[in-house]
Amino acid sequence: MEKGTCPVANNVRALSAILAEGRIPVARCRQWAKDILRLMTDLGSGRGGPEHFHAMQALAKRLQFEGENEDCAALGKKLISELQTHREVFLSHLETRNCPLGDCIELSPAPCQMACPSGIDVSGYVTLIGQGRDDDAIALIRKDNPFPWVCGLVCTHPCEFMCVRGRIDKPIAIKDLKGFAAERAMSGGKYANPQKAPDNGRKVCIIGAGPAGLTAAYYLALDGYRVTVLESLPMAGGMMMVGIPRYRLPREVIDREVAMIEDLGVTFRYNTRFGKDVTLDQLKQEGFEAFFVAIGAQASFKMRVPGEDDFPQVIDAIEFLKKVALGEHHMPGKRVAVIGGGNVAMDAARTCIRLGCEEATIVYRRSRADMPANPEEIEQAEEEAIRFDFLTVPIEIEGSDGKVSGLRCLRTELGPEDESGRRRPVPVEGSDFSIDVDAVIPAIGQAVDKSGFAPLTDLGWSRRNTITVNQASMETSVEGLFAAGDVVSGPATVVEAIGGGKRAAEAIDRYLKGIPQPKMPPVPVRRQRLGSLEVPATTKMMLNRPRMQMLGNDRRRVTFQQVELGLSEKRAREEARRCLRCDVCVRCGKCVDICRNKMGVDALQMGYLAFDEPGHTDFRVAAERCILCGACAANCPTGAMKMEDRDNERVLTLCGTILNHLELEYCRSCGAPLGPARYHDFIRKRTEETGFVTGDGKLCIACARKTTARAHGEVVTPTPPV
Amino acid sequence: MSKYYLFQDVKNCIGCHSCEVACKSNKDLPLGPKVCQIVTIGPRMVDNVPKAAYIFMPCFHCEDPWCVAACPTGAMQKRAKDGIVFVDHDLCVGCKTCMSACPWGAPQWNPEIGKVVKCDYCKDRVDEGLKPACATVCTTHCLHFGKTDEIQPIRRERYARAMASLE
């Protein structure tokens, strides 16, 4: 991590140095500077309140205008300008209690939270699930994401790729834990909406009831706005509903979570297409003051091969999945080729199997490792006997009399890397062959269907045909019009759309209240500081990531029943106990360095701390070697490493993992705890050469001093002989 | 032993604790650690009069200190030129082994910095030709600091006087 990049930490360092060097000799000014430093330290360690910033400004002003000499005034001036220049960063530290650069060490955020596009406080909710507080976990998640259940089933979980536990064995099953807690909270009737702000009478219109639109609706409704959502389909959910098949995401899940949003007073206008059934001007006349475009990317890319437009059996994946989701359970053909290697291709192929197709083949132009689809999805597709033709590119759809009879393909070879960092497939001359199929489903990518937006001539579009926005505020080039989700990013994930929707809701709130928009991208918020779950080192090492229970393969071939059956309560609670709590332990490695290189004890085997080259980790080694001297705990900058005395024992824990505990020995005079025998043996061995000490060395320092003093005190001047 | 000697004339000490205050202030210490400490013995009835003794307890700067032997990091050191035993805060990691090893309870814990502090005869002051902070403020002048060969034979003289008074 680059040092000296966060302005808060920089200023704390600079001001500490100025004070330590005695450069402010006037007592009054020095006190002001000290107060500013204290406030700034609070702010950089998560202990700051809303008044901290103004208090610092006021003190800096006093330094500048009431300072005794030029040095004081110059320092005041410098601080005022620093506070002004980095105002947003200072305030963000106060509001989010996260320092994205990790320079303010106590506010160093957990990698999982930083990886989450909607910025969920992952360590927080995982801990709550470990405590059995599923409904609190859901309430915590919903501060950043109103769809914990949907995401618990279908999220692409970028958090798990960053999970530090993955450097020891396997990442925490973050997604599955979320799904578990959401289902429990919902079925227990404890899935509740937070308190809504009073109605402010202002109207916001959201175009598109997908994840981005519904998320914005949720947060705006909570802020007291009157929200109306336009949707061209007869139901809410967008691509969650008509893109993701039911065996991955049951309809009830979407319906229940959408109902929670409806419960906040959000109005839905179904079967209403923007630009066709209603125009922007009409909506403005209705009194809507801000608009949020979240129409997604619903159009499909064309393959541009001969025969593509000639047969009814060539149906693009988006259209196909939508029809199936809306209830048209017709088999597209007996033998189907699905073109593409993304999640949509997997969904289409697996849907075909469920509709009764004899064979579904995925035709992909690169290799298996290059497939953009989720690894779980690819695995499950393989289990369901989907065929894969890798390194294959279609060149023609063959057929006659309006019926597809085959797909003509070329083999490819992987050439040099392209701009996406993947090797570009190069067709091999003369390698053409045919696959016998009677239906073809291209799933090679989606684009935005911008037809309804033609009258908005001022709206800026990118070269990729997505709406151009300011990424910090999601504002478009049209005033009062915001956009997020696939319509901005191009086809992406549910959780990215949710993140965009949340950001847009914040921006719309600012816009309608006349508050300036932020310049820096939002920082995820540390929602809660929770104590760690206490786990013995052995348990921490022995627990394995739970294997998801799956529906049997026979069932999968005939029904749309949910494939992933969820975690059992026991496994979910255990899984939460594997979490390393990276929101508390910042993995600076000080403890390991001190124990190994300074103390020479080498009791901490924690190779996962090294980011680039993780070494071997075994928390159990501490129980064999640790002498419980406490140097690691004394030097831990965040309090993750703790040593305490309880129940006759001295105990060392790292974020709740019990590394070592040994029986205490006590002062024979006053009974104060001294330390375990192993600690005293360590000292005895080192001091053996020094010489013999009277007594057994079992005195605390206070009693040792008193005893010595008494021995001295008894030496009185001898009474002279009479 | 170090080249220096810090002698307390117990008979003259009134237990005002000025030495402790000056020491803590000089070392900028929080609540807790007492680098030097006045330990009160008594009061006890002697010839029907209550009497107490106030014993000044600094570090003795042993010839062969246990604390230096115990310290695993080399933070606790004995200064070669004059034998002052001191702790280098850049090296101290706060394992407290010196505290457990010292038979006299001299090394103290500074919770504010998580490191050990101990009496070093105010070596920075001594190097400037000054006396340690404690000896500077002693109200009854019962703390005497100097080189071992310069120490006044106070006790010997007092005993001699007592003997002489018999005659």
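Contact here means heavy atoms within 4.5 Å. The model treated in these exercises is predicted.

**Exercise 1. Determine which parts of chain A the buried residues of helix α18 pack against, and how those residues are arranged around the helix.**

Step 1. Helix α18 of chain A covers residues 375-383, and its buried residues are A:Glu377, A:Ile378, A:Gln380 and A:Ala381.

Step 2. Viewed along the axis of α18(A), these buried residues fall within an arc of 165°, so they line one face of the helix.

Step 3. The packing partners of the buried residues of α18(A) are α17 (343-355), β8 (387-389) and α22 (553-556), each in chain A.

Step 4. After α18(A) comes A:Ala385, which has a positive phi, near 65°.

**Exercise 2. Describe the overall build of chain A.**

Step 1. Chain A contains 28 helices and 22 strands.

Step 2. The C-alpha trace of chain A extends about 140 × 60 × 55 Å along its principal axes.

Step 3. Of the 722 residues in chain A, 53% are buried.

Step 4. Among contacts in chain A with a separation of 6 or more, 68% join residues 24 or more positions apart.

**Exercise 3. Identify the residues with the most contacts inside the largest nonpolar core, and examine the surroundings of A:Phe292.**

Step 1. The largest nonpolar core comprises 152 residues. Those with the most contacts inside this core are A:Tyr125, A:Phe292, A:Met599, A:Phe619, A:Met641 and A:Leu654.

**Exercise 4. Characterise the interface between chain A and chain B.**

Step 1. At this interface, 32 residues of chain A are in contact with 39 residues of chain B.

Step 2. The area buried between the two chains is about 2,900 Å², and carbon and sulfur atoms give 66% of that area. On the side of chain A, the residues that lose the most area to chain B are A:Thr690, A:Ile701 and A:Arg705, together 26% of what that side buries.

Step 3. Between chain A and chain B there are zero salt bridges, whereas twelve residue pairs are in polar contact across the interface.

Step 4. In chain A, α24 (590-598), α26 (631-635), α27 (677-687) and α28 (701-713) each supply at least two residues of the side that touches chain B. The largest share of that side, nine residues, comes from α28(A).

Terms used. Residues are numbered from 1 along each chain as its sequence is written. Chains are lettered from A and ligands numbered from 1 in the order in which they are written. This is a predicted model: local features need pLDDT of at least 70, side-chain atom pairs count only at pLDDT 80 or more; totals for chains, interfaces and linings use all residues. Side-chain values use heavy atoms; hydrogens and water are left out. Buried means under 20% relative accessible area, exposed over 50%, partly exposed in between (1.4 Å probe, protein chains only). Helices (H or I, at least four residues) and strands (E, at least two) are DSSP runs, numbered from the N terminus. The arc is that of the directions from the helix axis to the C-beta atoms. A nonpolar core is a set of buried Ala, Val, Leu, Ile, Met, Phe, Trp, Tyr and Cys residues joined through side-chain atoms within 4.5 Å. Buried area is the accessible area (1.4 Å probe) that two parts lose on being put together, summed over both. A salt bridge is a side-chain nitrogen of Lys or Arg within 4 Å of a carboxyl oxygen of Asp or Glu. A polar contact is a pair of N or O atoms within 3.5 Å; within protein, one must be able to donate a hydrogen and the other to accept it, and residues adjacent in sequence count only if both atoms are side-chain atoms.
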